[in-house]
Each structure stands twice: as structure tokens, then as C-alpha cells.
Amino acid sequence: MNKKFSRYLGVFCLLFSSYSSAQWVEVTGEAVILESEETARVNALEDAVYQAMKHAGGEIASLSSLKPYLSEPRQQYRFSGNEVRNITILEQKKAGGKMYITSRIDIYPSAKSCHKTQYKKGILLGSFSITEPQQAAMGSVYKIGKDFASILGKQIQKRSQSFIVTGTTTVPFSATDASAMTMLAEDHDAQYLIGGEITDLTATLDEKLIKKDQVNRQFAVNLEIMDGKTGEIIYQNNYREIGLWPFSRSSHVDTQSARFWVSPYGQSIQRISQNMMLDIESALSCRASLPEVINIHDNIAQMNVGRVHGVRQGDKLKLWHSAGFIDQKGIPRNRMVETNISLTVDRVYEKSSELIVNQPQLAASIQPGDLLTKQTRP
């Protein structure tokens with residue numbers, strides 16, 4: 001294998017085979033050596049599996065269930081009940097401060113994977129506040145929460161199979177103001193709202209007897225996902241990484257610069273953003289995407305999802321009347337009532353689509369705000 005070719009993240013060896021529904025891919029994953037070679041090995045192996053699943057059309061959401069097993073230092077891994085059936089380590093090497101793992105990975109991609117049967121769901125991304133702003137004093141990284149949200153947004157846009165970012169906002173998310181959250185989601189055509197807090201930016205000095213002392217810095221963050229239809233928090237998780245801080249204590253570090261993001265500390269933060277994206281896929285990819293009717297005229301309806309969401313001409317959808325209400329405590333309760341109305345996609349635009357009502361006599365009962373679900377093709 002060409003050595004230079006294998007060093008590029010996401011580039012595959014041109015060895016690919018298909019037999020029945022199975023596929024195998026030989027791919028090289030890479031990871032920066034930060035904490036230890038053992039950790040870098042696991043990260044590089046995860047990267048190889050991610051690349052293989054993405055290339056073969058597998059469900060990347062299932063990668064989260066494999067992670068605990070990949071931490072075992074083995075040459076071969078076998079799985080059942082997963083699209084990934086076998087992983088064989090072909091080569092492991094270190095070069096330029098990175099770990100490279102070349103593996104042969106056997107995958108049985110399912111035709112009924114959630115990302116293949118659902119439209120991409122919209123996400124409104126909020127900034128990540130800093131719980132203790134004084135911890136950002138070293139390096140003056142007071143804007144790191146905003147820049148971390150930008151990195152997470154890029155992860156979702158480029159690598160997610162089930163979600164797209166429909167907008168960003170600096171408006172703080174609040175689970176105690178559900179009606180405001182639902183309006184915010186509606187304004188951005190978002191099914192979910194994602195935000196959180198950075199809870200730890202502290203640094204510790206690793207004293208060396210011979211080598212120069214090094215500073216290690218924490219990055220801990222909480223993730224919260226809210227349902228844009230109800231304003232309820234439906235998923236929470238905590239993440240933590242530690243990375244070498246290579247900058248002077250008195251320097252002002254630009255957290256938008258390439259210099260920051262290619263540093264060991266920036267790499268550890270990017271690792272968190274990737275894990276977040278995979279956990280979001282695992283937790284929410286199989287939830288139904290819920291496009292809305294935004295206009296109806298005669299026998300033509302318009303919905304708020306389009307080409308970027310995966311809509312194709314000829315898609316069949318089922319209509320549900322939205323019958324939500326606000327309970328006595330002021331909490332919105334989402335409710336959908338099934339109808340006998342079906343629609344067919346006629347024209348597809350970037351972020352919206354026009355649909356023909358298949359039962360013209362029932363078109364008068366359709367109203368803006370009604371919900372749609374995609375019907376699986378036979």
C-alpha cells in the first residue's frame with residue numbers, strides 16, 4: 001500500500017468487494033497520539049470503522065455499540081447482531097506523532113437502515129456557554145463555546161447521515177420556557193435544538209525531571225437535546241477529554257485559527273465533537289422525521305423539507321393532522337391523528353417540496369402545520 005496515500009484521513013485503499021449483501025473494505029484509520037499509544041490505537045481503529053461504514057452505506061449510529069469492544073487489544077474482532085461482522089487488523093504503525101491502523105472490515109449494510117428510510121432531520125444549534133468564565137482566562141479562550149458549536153455543526157453537516165443544521169442561534173435554550181423553544185425551532189424548521197455548557201477548562205502542570213514541563217488542559221462539556229415540537233429535553237450526555245496545552249500561559253489564543261485546532265488540545269476537542277455526532281446518531285436517527293405542511297392550494301401542498309433533507313421526486317408521504325394542545329401546567333403536548341390522505345412529491349427545491357394530494361376530494365381538510373411521514377418504498 002502506498003504510504004503517502006494511507007496518511008490521508010477518510011481515503012480508502014482501492015480494494016473493495018461485494019458478495020451477496022456483504023461488503024468488505026480495507027481502510028486505514030488515523031489518530032493523533034495524545035494521552036497514550038493505547039488510546040491512539042483505539043481512536044484510529046474507530047476512525048477506520050467509521051470510514052468503512054460510511055463508504056459501505058452502513059448505519060454509523062451502530063458504531064457506539066462497538067466502541068467498548070474496540071478497546072480490547074486484539075488482532076481480530078467478531079460481532080453478531082451488528083452490520084459490522086468482522087474486523088481484522090492488518091497493520092499498525094506510528095509516524096509523525098500519529099497512530100495508523102490498517103484493517104479489513106466486513107460489513108452487511110441493511111437496506112432498512114434508519115438513514116435510508118427517513119429524511120434528514122433539522123437541527124438548530126445553540127452556543128455552548130462556559131460555566132466558570134474565569135477558567136477561560138489562560139489563553140483568553142472566552143469564545144471557545146461559540147467556536148466549539150461551529151466545529152460540532154461542521155461535524156454534523158459533513159459526516160452525519162440523519163441530520164442537517166438548519167440554523168444557529170445565540171438565544172439561550174431553556175427547558176422551563178417550552179413555548180419559546182418550540183417557536184424558535186419553528187422559525188428555523190428544526191426538529192431538534194442542541195446546546196450545552198462547558199463545565200471544565202482547568203489546567204494541570206505535568207512536572208518533568210529531564211524534559212520541559214508540560215501543561216495539560218481539561219475540556220468537559222454537557223450536551224442537551226430538546227424536542228422542537230414540545231420543548232422537552234430528550235437527551236443528555238457528558239463528555240471529557242484532556243489534551244496537551246502547547247501555548248504560553250500569557251498568550252491570547254485565537255480559537256478560530258487552524259493553529260489552535262491542529263494543536264493536541266484542539267484535536268482532543270474535535271474528538272469530543274465527533275463522539276457527540278455519533279451519539280446523536282445513535283440516540284435519534286431512528287426517530288421519525290416530521291416534515292410540516294407550510295402551504296396548501298387546491299390540490300398542491302408544500303412542505304418544509306427538500307433536496308438537502310434527501311427528498312426525491314416520486315416519494316410517497318402520509319398525512320397526520322396536528323392535534324397538539326397545552327395542558328393545565330402550560331406544557332405543550334404533541335399529538336398526531338392519522339388520516340387516510342397520502343401525497344406524492346412532484347417538485348423538489350433546496351429546502352422545500354411540492355406535493356400532489358392523491359385524494360383530491362380530501363384536500364380541503366389539509367391545513368398548514370399538519371405533519372407528514374415518509375412511506376418506505378417497496
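The exercises below, each with a worked solution, concern the predicted model of a single chain.

Residues are numbered from 1 along each chain as its sequence is written. Because the model is predicted, local features need pLDDT of at least 70 and side-chain atom pairs count only at pLDDT 80 or more, while totals for chains, interfaces and linings use all residues; side-chain values use heavy atoms, with hydrogens and water left out.

**Exercise 1. Describe the chain as a whole: state how many helices and strands there are, and what share of the residues is buried.**

Step 1. The chain contains eight helices and 19 strands. Both are DSSP runs numbered from the N terminus, helices being H or I with at least four residues and strands E with at least two.

Step 2. Of the 378 residues, 50% are buried. Buried means under 20% relative accessible area, exposed means over 50%, and partly exposed lies in between (1.4 Å probe, protein chains only).

Step 3. Consider next the contacts between residues at least 6 apart in sequence: 65% of them join residues at least 24 apart. A contact means heavy atoms within 4.5 Å.

Step 4. The accessible surface is about 18800 Å², and carbon and sulfur atoms account for 49% of it. Such areas come from the Shrake-Rupley method with a 1.4 Å probe; for residues, only the protein chains shown count as cover.

**Exercise 2. Determine the strand order of the open six-stranded sheet, and explain which strands stand at its edges.**

Step 1. The order is S12-S13-S18-S17-S14-S19, and the pairing is antiparallel. Two strands pair if DSSP finds at least two bridges between them.

Step 2. Strands S12 (293-297) and S19 (371-374) each have a single partner strand, so one side of each lacks a neighbour in the sheet. From one strand to the next, the twist averages 35 degrees. The axes behind such angles are lines fitted to C-alpha atoms, for helices over the stretch in contact, and angles run from 0 to 180 degrees between N-to-C directions.

Step 3. Strand S18 (residues 353-357) has four of its five residues buried. Four antiparallel bridges connect strand S13 (residues 300-303) to S18, where Ser353 is the bridge partner of Met303.

Step 4. Strand S17 (residues 336-348) is joined to S18 by five bridges, with Val345 partnered by Leu355 of S18. A hairpin of four residues leads from S17 to S18.

Step 5. Strand S14 (residues 316-322) is linked to S19 by four bridges, and Leu319 has Leu372 of S19 as its bridge partner.

**Exercise 3. Identify the buried residues of helices H6 and H3, and show how they are arranged around each axis.**

Step 1. In H6 (residues 178-187), the buried residues are Ala178, Met181, Thr182, Leu184 and Ala185. Their arc around the axis is only 160 degrees, which places them on the same side of H6. The arc is that of the directions from the helix axis to the C-beta atoms.

Step 2. The face of H6 turned away from the buried side carries Met183, Glu186 and Asp187, which are exposed. After H6 comes Asp189, with a positive phi near 50 degrees.

Step 3. In H3 (residues 63-70), Leu63, Ser64, Leu66, Lys67 and Leu70 are buried. Viewed down the axis of H3, they fall within an arc of 150 degrees, so they line one face of the helix.

Step 4. The buried residues of H3 pack against helix H2 (37-56), strand S3 (76-78), strand S4 (84-95) and helix H8 (264-284).

**Exercise 4. State how many salt bridges the structure holds, and locate the pairs formed by Glu37, Asp200 and Glu292.**

Step 1. The structure has eight salt bridges. A salt bridge is a side-chain nitrogen of Lys or Arg within 4 Å of a carboxyl oxygen of Asp or Glu.

Step 2. Glu37 pairs with Lys94 at 2.6 Å, N to O. Glu37 lies in helix H2 and Lys94 in strand S4, 57 residues apart. With 37% relative accessibility, Glu37 is partly exposed.

Step 3. Asp200 pairs with Arg240 at 2.8 Å, N to O. Asp200 belongs to strand S8 (residues 192-200) and Arg240 to strand S11 (residues 233-245), 40 residues apart. Asp200 is buried, at 13% relative accessibility.

Step 4. Glu292 pairs with Lys229 at 2.5 Å, N to O. Glu292 sits in the loop between H8 and S12, and Lys229 in the loop between strand S10 (214-227) and S11, 63 residues apart. Glu292 is buried, at 18% relative accessibility.
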